[in-house]
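Student: I've got a model open and I'd like to learn how to read its features. Can you walk me through it, piece by piece?

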Amino acid sequence: MRLKEWGRSLNVGSLTLVEGGAGVLRVAADGDGWGSVNRSSAKVGKWWGGASGNAGGGCSRDCDCGGNNKGSRLSKKMEKRMVASSAIWMIILLAVLVHQNNHQLVAADSTMHTNNWAVLVCTSRFWFNYRHMANTLSLYRTVKRLGIPDERIILMLADDMACNSRNKYPAQVFNNENHRLNLYGDNVEVDYRGYEVTVENFLRVLTGRHENAVPRSKRLLSDEGSHILLYMTGHGGDEFLKFQDSEELQSHDLADAVKQMKEKRRFKELLIMVDTCQAATLFNQLESPGVLAIGSSLKGENSYSHHLDSDVGVSVVDRFTYYTLAFFERLNIYANASLTSLFNSYNPNSLMSTAYYRTDLYQRSLEEVPVTNFFGSVMETIPTKSAYKAFSNKDVISNEGRMSHHQASSDMENPAKLLTDTDLDHVSDLKGIRLRWLQRTVPASPPGGTLTADQTDD
């Protein structure tokens, strides 16, 4: 069906209705001639038809052409056809949309969780925002300790507090006044630093729409099997988060980026954690499935710092992040603590604000989801019904003289056979055994050339 503003036309099957000036309707069917009728002003919205194909076709009683009323019967038939056709097309369109949505949900549910990523963002600069950098570096240390490697962490720091001239401890950043843990050690890899931390670059990281010159180390190379942790800290307000004290990320910007990520299959599940004032308002526009969000404060609430370091001269950590770290310090990489236990650990009296989490877009029960699904690594587990046996050094040394090159190669192809045929005393010896197998079956190449078949040691 097509509707135009001037000379409004309706195409339904082989019929075409066009409204001309002064309420005159023109009707044509299958290329026949045009017939003209008037639309009664007393019946607004109702179409009165005219016969087509002959000059004296039947018209309504309001028509000026002087014809009979056969046209009114034709117009009623055309009106019924228009209504029926419109209803059919609307039903078809609705069915297609429902099928497409269900197909996407089923595909997302059937995708296996294969890897974890973390995007950690400090949006504040200037010395008095020291705690925001400490917040981000603290989460960076936590996710690394729980198994996410550096190549799957995007770290964005808007300012370098470690090298600030006011820092009493150069090249060091602490999140506690006891100064026991330096967060800015030798193994910190910052991907975006200083003025590189902008709203544009942040959105490019999420959506993957980088310029060609951007290296892979600065890209979020996630896929449809990825769980992504997005952590942001800084100064915010009602549906915005400030970047560099000069620009803002709006809630609809974040929602649009997440929608693009979902459409491009850049994640299976996404956890957004925000530590800022009125953090919950940043999630208002989110609509994409598979997204879980938690904020440090509700609308109208502030997010407060935890404590002041008198030596540094400023606050060194925010309350929400501090109690998040306290929860994770009790866990290791094998912990099965659920997201429910994390969310329940936030005490409003301790936070001095109300932690908010949004779960309506998330399909799974929080009690069934371990926190390591977002904050830790993905470990491949191979179930077995029996315990493994182990080799001993004595067995290996006694068999080394009798082991041929062919036997060693076949055993490497079928290691399960060795595990069942020979008793092992220590599982830790397996690494050394495999190394000796490799040295025996794949000799090193001498300097200046490669070994020929005649030079190999049988």
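Tutor: Let's start with strand β12, which is mostly covered: 7 of its 7 residues are buried. Buried means under 20% relative accessible area, exposed means over 50%, and partly exposed is in between, using a 1.4 Å probe and protein chains only. Strands (E, at least two residues) and helices (H or I, at least four) are DSSP runs, numbered from the N terminus.

Student: Before we go on, what should I know about the model and the numbering?

Tutor: This is a predicted model, where local features need pLDDT of at least 70 and side-chain atom pairs count only at pLDDT 80 or more, while totals for chains, interfaces and linings use all residues. Residues are numbered from 1 along each chain as its sequence is written, and side-chain values use heavy atoms, with hydrogens and water left out.

Student: Which residues of β12 point one way, and which the other way?

Tutor: Glu269, Leu271, Met273 and Asp275 point one way, while Leu270, Ile272 and Val274 point the other way, and all are buried.

Student: How do I read the pairing of strands?

Tutor: Strands of a sheet pair through backbone hydrogen bonds, either parallel or antiparallel. The working rule is that two strands pair if DSSP finds at least two bridges between them. Here, β8 (residues 226–233) and β12 (residues 269–275) pair in the parallel sense over 7 bridges. Leu230 has Ile272 in β12 as its bridge partner, and Thr233 stands opposite Asp275 in β12. β12 also runs parallel to β13, joined to it by 5 bridges; there, Met273 has Ile294 in β13 as its bridge partner.

Student: What is the strand order in the sheet of 7 strands?

Tutor: Read it as β7-β6-β5-β8-β12-β13-β16, an open sheet with mixed pairing. At the edges are β7 (192–193) and β16 (356–358), each pairing on one side only.

Student: Is Lys242 buried or partly exposed?

Tutor: Lys242, which lies in β10, counts as partly exposed at 28% relative accessibility. Contact means heavy atoms within 4.5 Å. Not counting residues up to four places away in sequence, Lys242 touches Thr123, His235, Glu247 and Glu248. The C-alpha atoms of Lys242 and Ser124 are separated by 7.5 Å, although these residues are 118 residues apart along the chain.

Student: What does α5 lie across?

Tutor: Helix α5 (residues 319–328) lies across β8, β12 and β13 (291–295), at about 130° to β12. Of its 10 residues, 7 are buried, including Arg319, Phe320 and Phe327.

Student: At roughly what angle do the axes of α2 and α5 cross?

Tutor: The axes of α2 (residues 130–145) and α5 come within 10 Å and cross at roughly 15°. The two helices are therefore roughly parallel to each other; that label covers angles under 35 degrees, with over 145 roughly antiparallel, 65 to 115 roughly perpendicular and the rest oblique.

Student: Which residues meet in that contact?

Tutor: From α2, Asn135, Ser138, Leu139, Thr142 and Arg145 meet Thr321, Leu325 and Phe328 in α5. Look at Ser138 in α2: this residue is buried, with a relative accessible area of 2%. Leaving aside its neighbours within four places in sequence, Ser138 is in contact with Asn175, Leu183 and Leu325.

Methods: Axes are lines fitted to C-alpha atoms, for helices over the stretch in contact, and angles run from 0 to 180 degrees between N-to-C directions.
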